[in-house]
Amino acid sequence: MVFFAVFEWKDIYWATAALMIACVLLLVVHRLRTGKFKTMHVITAVVVLILGAATLWKRDSRFLHWKPTVLLALTAIAFLGSMFIGRQPLARRMYGPAFEGTLQVSTREWAAINVLWVAWFALLAVANLYIARNFAESVWVHFKVIGIPAAMFLFMLPQVIWLSTKAKAPQTDQKP
């Protein structure tokens with residue numbers, strides 16, 4: 001949101017600097033509150049700082065345009081890798097707690113959902129580059145800030161609805 005607000009107020013370079021500062025502040029605040037760093041925050045900050053510095057140094061916003069693609073591709077790789085490393089695919093680790101362990105979904109169904117996530121993140125990564133290269137910078141910024149989150153919501157909604165049909169009712173300790 002900081003990036004978007006500063007972009008609308010100034011330009012891409014000011015917004016890039018604001019994003020870099022916001023990522024570092026997020027790392028520091030989270031560390032002070034919890035005593036540890038969150039892996040996703042660290043990865044995001046590293047990518048933002050590297051590509052943001054290149055953007056500011058070269059005065060070329062194309063470096064920053066790669067940020068969503070890099071993060072989305074890394075996320076796709078993480079989802080794919082989770083199918084081979086660890087006990088559960090990331091999709092199950094992500095959705096499972098939301099349903100408090102009441103889901104009755106087979107291992108095969110979890111794998112299918114996880115593969116959908118891999119494909120989805122890969123598609124978004126490619127879409128980001130396509131929009132960055134073929135449309136005005138303001139269109140790309142709006143896609144990055146509004147379009148990607150909206151697309152994520154629309155992608156997740158049918159899954160959540162389907163998973164809710166797979167949830168068994170929690171048992172209560174009611175006495176007759």
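A: In this predicted model, helix α1 (residues 2-9) packs against helix α2 (residues 12-34) with the two axes 8 Å apart and at an angle of about 155°. That angle makes α1 roughly antiparallel to α2, since values over 145 degrees are counted in that class. The crossing of α1 and α2 is right-handed. On the α1 side, the residues that meet α2 are Val 2, Phe 3, Val 6 and Phe 7. Their partners in α2 are Ile 12, Trp 14, Ala 15, Thr 16, Ala 18, Leu 19 and Ala 22. By class, this contact of α1 with α2 holds 10 nonpolar residues, one polar residue and no charged residue.

The wider setting can now be given. The protein has seven helices and zero strands, and its pattern along the sequence reads α-α-α-α-α-α-α. The C-alpha trace spans about 70 × 40 × 30 Å along its principal axes.

Both α1 and α2 also take part in an open space. The largest pocket has a volume of about 650 Å³. It is lined by 20 residues, and those closest to its centre are Thr 44, Lys 67, Leu 71, Lys 144 and Ile 148. Two or more lining residues come from each of α1, α2, α3 (39-58), α4 (62-81) and α7 (137-165). The lining of the largest pocket divides into 16 nonpolar, two polar and two charged residues.

The axes of α4 and α7 come within 11 Å and cross at roughly 30°. That makes α4 roughly parallel to α7, because angles under 35 degrees are placed in that class. The crossing of α4 with α7 is left-handed. From α4, the contact draws on Leu 64, His 65, Lys 67, Pro 68 and Leu 72. From α7, it draws on Glu 137, Trp 140, Lys 144 and Ile 148. Sorted by class, the contact of α4 with α7 has five nonpolar residues, one polar residue and three charged residues.

Helix α4 has a further partner in helix α6 (residues 107-134), and these two pack at an angle of about 165° with their axes 8 Å apart. The helices α4 and α6 are therefore roughly antiparallel to each other. The crossing of α4 and α6 is left-handed. In α4, the residues of this contact are His 65, Trp 66, Pro 68, Thr 69, Leu 72, Ala 73, Thr 75, Ala 76, Phe 79 and Leu 80. In α6, they are Asn 114, Trp 117, Val 118, Phe 121, Ala 122, Leu 124, Ala 125, Asn 128, Leu 129, Ala 132 and Arg 133. The contact of α4 with α6 comprises 15 nonpolar, five polar and one charged residue.

In terms of class, the lining of the second largest pocket has seven nonpolar, two polar and one charged residue.

Notes
Residues are numbered from 1 along each chain as its sequence is written. This is a predicted model: local features need pLDDT of at least 70, side-chain atom pairs count only at pLDDT 80 or more; totals for chains, interfaces and linings use all residues. Side-chain values use heavy atoms; hydrogens and water are left out. Axes are lines fitted to C-alpha atoms, for helices over the stretch in contact, and angles run from 0 to 180 degrees between N-to-C directions. Helices (H or I, at least four residues) and strands (E, at least two) are DSSP runs, numbered from the N terminus. Angles under 35 degrees count as roughly parallel, over 145 as roughly antiparallel, 65 to 115 as roughly perpendicular and the rest as oblique. A crossing is left-handed if the near helix is turned anticlockwise from the far one by less than a right angle, and right-handed if clockwise. Contact means heavy atoms within 4.5 Å. Ala, Val, Leu, Ile, Met, Phe, Trp, Tyr, Cys and Pro count as nonpolar, Asp, Glu, Lys and Arg as charged, and the others, Gly among them, as polar. On a 1 Å grid over the protein atoms alone, a cavity is a set of points where a 1.4 Å probe fits but cannot get out, and a pocket is an open set with protein on both sides within 12 Å along at least five of seven lines; lining residues have an atom within 4 Å of a point. Grid points are joined across faces, edges and corners, and a volume is the space filled by probe spheres set on the points.
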